[in-house]
Amino acid sequence: MAKGWLKIRPHWFFLSPGVLLISFFYFIPVVLVFVIAFTNMDQAFNWRFVGLANFSRLFTLRDPLIPRIIKNTIVYIVGALPLTIIGALLISLLTMRVNRTASLFFRAVFFLPRLIPPVVWGFLWMWSFEGTRYGVFNSILGSFGLPIIHWFIKFPMLIVIFANGFLGISLAMLIFTSAIASIPRDYLWAAEIDGASFWQTSRFVIIPLLRWPIMTMTAWHLMSFINSYVYIFLITGGGPYHATEVWALYGYNTAFKNYQYGYGSSIMVVLVVINVLLLITLLRSFGMKKMIERSRIEA
Amino acid sequence: MCKKLTMIGFLVVLISLFISTVPVIGVTIESEKVYELTANIIGPGPIGTKKAENIESAAEEINKMLESMGSPVRVKVSVKFSTLKWGPFADKFYMDFRAGKAPDIVNLRWDPKLADGKFIIPLDKYIAMWWDLDFYDFYSNLWKGVTWKNNIWGIPNDICPAGVWYRKDVLRKLGYNDEEILKMLPSDGKTTLNKLAELAKKAVDAGLVEYGILHRPSKGAGFYATLLEFGVKCYDTLTGNLVIDEPALLKFYKWHADMVKEGVIPPEPPSWKTIHATFVEGKTFCTLASHVGTPGEWKKKYGLTDKALENDLGFLPFPPAVRGIEPTSVHEFAPYLITTKCKHPDIAALLIMFATSPHACAIHSAYTLRPPYRGSALEDPLIKDNEYIQKTAPSVRTVQPVPVHPNFWDYMTRAFNALKGVEAGIITPTQAVDDLKSFGTTIPHMEFIKK
């Protein structure tokens, strides 16, 4: 019987483990978050339905922190996304120019953040910028007789942008480097014979050929930064005084630090909706459909 | 001696009475019966471990008594000690409870939501029943901290009056002698916060210390105490409502902003480790982040010597920052609670009674250097000759409990975050008060004292 069913519907058979896993760990939690968003669930899991009260608090700005959180989220994305894409592109282009050993070395160095566990990465940044003489940078300043700097007060957003940006660079760099390596050498030789400089080759030959990887990485990291909170949570916790609290982290802190699970869920529901809308927009504007179509020889 | 014998006799009678009730709770006296209970106890951190061990010892004591009486009944308790922080430990309790895995006894930061949500049972019955036998000498102010809606919900097992620690050796280097120091900063706290700040500023300016004054890096009883220093009324005892006291809060935030400008308080509070380490090393003049028992931790983890504790450190209750306020000390603790899932609450209560006996209290006190929570423990040989504990024990009598209100800690979280914003220069004191005002509108029955 099973053999017969397998013969008729083999794709369902092979897809079912994945479908089940995604249902349990992605679909059901999202549904639960939607349900909880309409309740006033607290730390003790006491709850009652409150209708749209949580959303009304969000959208009527009865929560005075909302404008600040939106501003932080925009600043964070506007800072981290170009840093990731442009930084990764530059590193990829430069490391392709040096000899193989040096290229491998630099790529390995920039890939290191991916290999470090998130907690260690977070604490490294936290410790490096600690505002006491025990912090790495302050101890260096101290050794030159300079006064300590309260880094997290002066540059909190810059620190989280760089901490997340370097992580983003590591992945994007890997993709861009592979894409550059797969460019037919003839194109580069032709440019060289025409007398193109390194920057001209990059600008007019390599970067146009990297259109798809750049779009993919931009879409990927845009979604990633909108949803990211782990490293910010580890490094600043969203502080000082909400200076680095982005939307996803605000949802987390509201639910798990202030124990307003209901309100926290409503913040997350908004995030889910933004994600879906953004994904559709990106798929359309980047022509993703065309990209995933069967390959064909272009005229 | 005679009193002790009477107590033992009384306890034997008590255990016998319990055995006689055994059939009522479903056990046949002839067959051996083991009552299994579970207890989840929080440190937080490793320092509170005796609170867990005392529960285990209580079961052993009860079993010895039952055995000596020839009773086939035994009590077996499985104790889990956690070094988690308050929040995650409470999360775990609530999840365990909802999953039907709640322990019989739990030790949580007291929160009236536990009572309102029917997570725990009231203990008035046991306290009344065993008052003369055991609970008679618990400091009366401690009961206030676990009373909610006219019921007592927990048994105190720890006390740490929060206050101000300062370095006398730094003041000596500034040229003051011991007599002058005691006059400026008397141990009863009858001085002012500004005096403390003035001395801290002198120490910083003279390059004797790195930090003048350090406060907690998070909310807690000590933070609430600093609000009280400024006369901030956070809670109305008559109505039972929380209060946003705008003028007093503004003074509180302004003072902190000024202290940051003066270099007395750093613009971002350092971590607990830095606070403790720099204070013990003599690089911080004064800490508002500690309590009477903190030297126990300093000795175990930061190398504080008895000599330094005796000669170089001074302690006082939080001194007032404004006129008309008395020196104050505040405490909060995690009482032993019995959950509504407990199948044998009588036995759980008996265990708690033994686990808070004068000797058990002395064990906890000797280990933590915190004052005992009951008077008679001071006579226990374990701490009778401990000068530090004997000297600091009276501080317990005057401490105030933190207000018992379901939203009190939400309020403190918001007020503390605002303080961090003010100190970091991200918001002004006025904006901090405005932030609290907007928070106040989300809390039912919040009272506002306007400018």
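I call two residues in contact if their C-beta atoms, placed from the backbone, lie within 7 Å. Helices (H or I, at least four residues) and strands (E, at least two) are DSSP runs, numbered from the N terminus. Axes are lines fitted to C-alpha atoms, for helices over the stretch in contact, and angles run from 0 to 180 degrees between N-to-C directions. Two strands pair if DSSP finds at least two bridges between them.

Housekeeping: this is a predicted model, where local features need pLDDT of at least 70 and side-chain atom pairs count only at pLDDT 80 or more, while totals for chains, interfaces and linings use all residues. Residues are numbered from 1 along each chain as its sequence is written, and chains are lettered from A and ligands numbered from 1 in the order in which they are written.

I found an open sheet of four strands with mixed pairing, in the order β2-β1-β3-β13 (chain B). At its edges sit β2 (73-82) and β13 (336-338) of chain B, each pairing on one side only. On average, neighbouring strands here are turned by 20° against each other, ignoring direction. I followed β3 (residues 105-107) of chain B to β13(B): the two run antiparallel and are joined by three bridges. Opposite Val106(B) I found Leu337(B), in β13(B). Which helix lies across this sheet? I see α15 (residues 345-355) of chain B lying across β1 (33-42), β2, β3 and β13 of chain B, at about 170° to β13(B).

Another open sheet of four strands runs β7-β10-β6-β11 (chain B), with mixed pairing. Its edge strands are β7 (211-214) and β11 (313-316) of chain B, which each pair on one side only. I traced β6 (residues 162-167) of chain B, which pairs with β11(B) in the antiparallel sense over four bridges. Val164(B) has Leu316(B) in β11(B) as its bridge partner. Helix α12 (residues 272-281) of chain B packs on this sheet, where it touches β6, β7 and β10 (284-291) of chain B, and its direction makes about 130° with that of β10(B).

The domain assignment (bounds come from an automatic or database assignment) gives domain 1 (2-154 + 333-401) and domain 2 (162-331 + 405-449) of chain B. Taken over C-alpha atoms, the centres of domain 1 and domain 2 of chain B are 32 Å apart. Where they meet, 16 residues of domain 1 of chain B are in contact with 12 residues of domain 2 of chain B. On the domain 1 side, α4(B) gives the largest share, three residues.

I get 22 residues of chain B in contact with 16 residues of chain A. On the chain B side, α3 (86-98), α20 (408-424) and α21 (429-440) each supply at least two residues, and α20(B) has the largest share with six residues.

I checked α4 (residues 66-97) and α9 (residues 156-181) of chain A, which pack at an angle of about 40° with their axes 7 Å apart. That angle makes α4(A) oblique to α9(A); under 35 degrees counts as roughly parallel, over 145 as roughly antiparallel, 65 to 115 as roughly perpendicular, and the rest as oblique.
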